[in-house]
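Please consult the sequence and structure shown below alongside the text.

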Protein chains: 2
Amino acid sequence: MAPDSFIEEIQQKQKIHDETSALTRYEVPLVTVDVVLFTVQDSRLKVLLIQRKSDPFIHSWALPGGFIHIGEHLVEAAKNRLAEETSVTDVYLQQLRAFGKANRDPRGRVITVGFYALVSAERLRPEAHANAEHLDWHCVTELPELAFDHRLIVDTALDTLEAHLETTPIAYQLLPKKFTLTELQRVYELIKEKQLDKRNFRKKIMASGMLKDTGETKMEGYHRPAQLYSFADTELKVMHAQPV
Amino acid sequence: MAPDSFIEEIQQKQKIHDETSALTRYEVPLVTVDVVLFTVQDSRLKVLLIQRKSDPFIHSWALPGGFIHIGEHLVEAAKNRLAEETSVTDVYLQQLRAFGKANRDPRGRVITVGFYALVSAERLRPEAHANAEHLDWHCVTELPELAFDHRLIVDTALDTLEAHLETTPIAYQLLPKKFTLTELQRVYELIKEKQLDKRNFRKKIMASGMLKDTGETKMEGYHRPAQLYSFADTELKVMHAQPV
DNA sequence: TGAATAGTGTCTTTCAGACAATATGCC
DNA sequence: GGCATATTGTCTGAAAGACACTATTCA
């Protein structure tokens with residue numbers, strides 16, 4: 001091979017233009033993060049999806065995410081890619097696991113670290129949607145076909161979320177700061193996908209000591225107003241800094 | 001820069017000699033797998049560690065593991081690196097999660113996917129130790145200082161193992177095919193780090209339907225022989241192929 | 001007073017945990 | 001018989017689950 005064309009080829013390879021060139025350049029697996037962001041809207045559990053603008057899977061829906069930069073901790077990478085792609089910040093983030101089937105990305109070898117995130121509808125800035133035509137919330141029960149193995153990641157997130165619900169006070173991450181017991185029960189019912197008994201639910205929640213009565217009430221419609229509660233442990237409210 | 005030296009430099013960069021050159025070559029995070037291999041020996045829960053022969057952390061103890069090859073699924077990579085470094089094969093493998101603090105490897109940006117593995121002492125070939133002077137089992141209660149963030153990975157593995165013990169029949173992975181109820185109870189006690197009541201333990205285990213009475217007995221010492229059991233679900237005995 | 005949701009208590013069943021005596025084998 | 005471990009059942013307390021009526025607000 002002539003030195004000139006060889007240099008050219010090498011120089012070409014050395015330059016990263018976009019995701020695809022990064023993928024073909026190296027002989028090592030690349031690493032991305034993908035975030036399954038949940039919220040509750042209109043009494044439905046929803047996931048934020050982005051419609052892809054490029055191949056592969058052009059026009060398909062996919063999870064927000066992207067490549068990890070060289071100096072970023074994993075959680076930071078997840079936060080940053082989510083913020084860049086969706087303008088959503090200050091979410092509760094938890095790692096699921098790594099997803100690394102050798103053929104999960106047709107462009108090359110890409111391992112992704114999946115996260116789930118929770119955000120309450122009230123914390124969502126409407127601007128996040130304004131500039132992003134190809135970004136939308138989808139009910140977890142009516143998901144479109146997803147790009148890559150993102151369906152597996154979403155399903156893993158749903159299972160993990162349900163398991164965490166029983167062991168960790170995370171449901172409030174999907175609610176406003178002050179909420180009624182009925183609203184809290186709705187969140188549990190949506191995640192567990194089954195109806196719960198009102199008396200048993202309240203008995204259990206109140207016994208757990210998670211909640212603090214704010215003394216305020218909430219009127220909505222022509223009926224008895226409901227007590228408003230907040231989560232008792234303010235320590236738990238700060239974003240969970242997990243070791244990664 | 002003269003073309004010749006440029007080509008030379010590029011060619012140099014293109015060649016991966018060892019882990020360190022791979023680490024300095026790329027501007028992207030690299031990915032490894034690390035395996036926390038547990039076994040029960042002499043009534044102790046032990047972890048397999050390797051003494052490092054090179055910097056960083058030279059002479060420190062570390063988990064078996066290594067770089068993921070371009071075509072390997074994650075689990076395959078874990079199996080292969082474990083086999084290469086320790087000659088141990090046919091283990092039960094389960095992913096923990098990705099560990100990716102930006103500074104966890106002083107050589108550069110390395111993200112590792114942690115696994116835990118279970119192997120029964122009887123399945124361990126003695127040869128695995130013969131050729132490997134720098135490879136040894138360590139009691140989980142008396143671990144030396146570990147390289148990198150491997151202590152965090154081991155602690156995560158212990159927590160995960162304990163959690164899985166309650167939800168999945170995995171304890172038999174640490175036992176011979178046929179075992180006594182007392183032996184099974186020892187495994188539970190070692191992992192949970194507390195003593196269990198013999199009657200309550202047997203009641204629960206037998207109620208779960210996990211076990212099958214082999215009809216055989218085991219004599220050991222001058223006392224009543226114990227019944228030998230095996231795990232009932234042969235499906236569960238095959239190595240668990242998880243989606244990655 | 002009618003409509004709509006908030007709020008509350010009892011009974012039953014199930015599961016976890018404390019607890020001790022008998023059985024079997026070999027010396 | 002003595003020794004060592006295997007094997008077995010009852011009682012109690014806690015938590016989960018089934019179940020129905022009263023309270024409050026406004027039109």
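## Surface near DNA strand C

Helix 7 of chain A provides the largest share of the surface near DNA strand C, four residues. The model is predicted: local features need pLDDT of at least 70, side-chain atom pairs count only at pLDDT 80 or more, and totals for chains, interfaces and linings use all residues. Residues are numbered from 1 along each chain as its sequence is written, chains are lettered from A and ligands numbered from 1 in the order in which they are written, and side-chain values use heavy atoms, with hydrogens and water left out.

DNA strand C is surrounded by 19 residues, and the closest are A:His223, A:Gln227, B:Asn200, B:Tyr222 and B:Arg224.

## Surface near DNA strand D

Around DNA strand D there are 21 residues, with A:Asn200, A:Arg224, B:Lys198, B:Arg202 and B:Gln227 the closest. Helix 7 of chain B gives the most to this surface, with five residues.

The side chain of B:Arg202 has an N or O atom 2.9 Å from a phosphate oxygen of DNA strand D. Base oxygens of DNA strand D lie 3.2 Å from a polar side-chain atom of B:Lys203 and 3.2 Å from a backbone N or O atom of A:Tyr222.

## Helices 6 and 7 of chain B

The axes (lines fitted to C-alpha atoms over the stretch in contact, with angles from 0 to 180 degrees between N-to-C directions) of helix 6 (residues 181-192) and helix 7 of chain B come within 11 Å and cross at roughly 100°. Helix 6 of chain B is therefore roughly perpendicular to helix 7 of chain B, a term covering angles of 65 to 115 degrees. Residues in contact (heavy atoms within 4.5 Å) include B:Leu184 and B:Tyr188 of helix 6 and B:Phe201 and B:Arg202 of helix 7.

## A buried serine in chain A

A:Ser120 is found in the loop between strand 6 (110-118) and helix 4 (127-130) of chain A. With a relative accessible area of 0%, A:Ser120 is buried, that is, under 20% with a 1.4 Å probe and protein chains only. Leaving aside neighbours within four places in sequence, A:Ser120 is in contact with A:Thr39, A:Gln173, A:Leu174, A:Leu175 and A:Pro176.

Conventions. Near = heavy atom within 4 Å. Polar contact = N/O pair within 3.5 Å; in protein donor to acceptor, adjacent residues only side chain to side chain. Helix = DSSP H or I, 4+ residues; strand = E, 2+ residues; numbered from the N terminus. Buried < 20%, exposed > 50% of the residue type's maximum accessible area, 1.4 Å probe, protein only. Parallel < 35°, antiparallel > 145°, perpendicular 65-115°, else oblique.
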